[in-house]
Amino acid sequence: MTASKEQFLNNPLGKDTTLEDVLDAFEFLDDWEERYAYIIDLGKQLPGFPDDERVEENYVHGCQSQVWLIHRYDEDSGKLFLLIDSDAMIVRGLAAIILVALNGKTPRELLATDIDELFEQLDLFRHISPTRGNGLRAMVGKIRDIAAAEAAA
């Protein structure tokens, strides 16, 4: 079953769970064990991902884990909505952080977002493996390519 418009629009990440929520949680949590648990909990908020969308075209290359990403451009609002899924719990959580920052923005807003600054603020790259970091960059790169294509259309 292909993802419905409602699945994209009702994604809580970026809407109900905001970037402020994530930043506040990271500030509140003292150690990285607690932060990892929080990241995994964020990943549990990812909406269901249709099995028929787990195809090569939607596969994110460069990730250690299997990661799929689909999007929907909403003509009415001019916003880009994203769904991401992975077979790894920590990667699902990292994908959730990306969605909190980028989901539901216009392509131009998305392209103007300094996601590297967010990752630095959260100190993510010091606390995840280099291969996970590459995967994080691959997800963001694919999203930015989608946003650039939509902005140019």
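Predicted model: local features only at pLDDT ≥ 70, side-chain atom pairs only at ≥ 80, totals over all residues.
Residues are numbered from 1 along each chain as its sequence is written, and side-chain values use heavy atoms, with hydrogens and water left out.

I begin with the helix packing. Two packed helices are described by the angle between their axes and the distance between the axes. Helices here are DSSP runs of H or I with at least four residues, strands are runs of E with at least two, and both are numbered from the N terminus. Axes are lines fitted to C-alpha atoms, for helices over the stretch in contact, and angles run from 0 to 180 degrees between N-to-C directions.

Helix α2, residues 19-28, and α4 have axes that come within 8 Å and cross at roughly 130°. α2 is therefore oblique to α4; angles under 35 degrees count as roughly parallel, over 145 as roughly antiparallel, 65 to 115 as roughly perpendicular and the rest as oblique. Leu 19, Val 22 and Phe 26 of α2 meet Ile 97, Val 100 and Ala 101 of α4, where contact means heavy atoms within 4.5 Å. That contact comprises six nonpolar residues, no polar and no charged.

How does α2 pack against α6, residues 115-122? The angle is about 25°, with the axes 10 Å apart, and the two helices are therefore roughly parallel. Leu 19, Val 22, Leu 23 and Phe 26 of α2 meet Leu 118, Gln 121 and Leu 122 of α6. Six residues of this contact are nonpolar, one is polar and none is charged.

Next, the strands. β1 (67-74) and β2 (79-86) pair in the antiparallel sense over eight bridges; pairing requires at least two DSSP bridges. Val 67 has Ser 86 as its bridge partner in β2. Four residues lie between the strands of this hairpin, in which Gly 78 takes a positive phi near 75°.

Finally, the structure holds one cavity of 30 Å³ or more, a cavity being a set of points on a 1 Å grid over the protein atoms alone where a 1.4 Å probe fits but cannot get out. Val 67 is among its lining residues, which have an atom within 4 Å of a point. α7 (130-152) supplies five residues, the largest share of the lining.

Terms used
1 Å grid on protein atoms, 1.4 Å probe; cavity = no way out; pocket = protein on both sides within 12 Å on 5 of 7 lines; lining within 4 Å. Points joined across faces, edges and corners; volume = space filled by probe spheres on them. Nonpolar A, V, L, I, M, F, W, Y, C, P; charged D, E, K, R; others polar.
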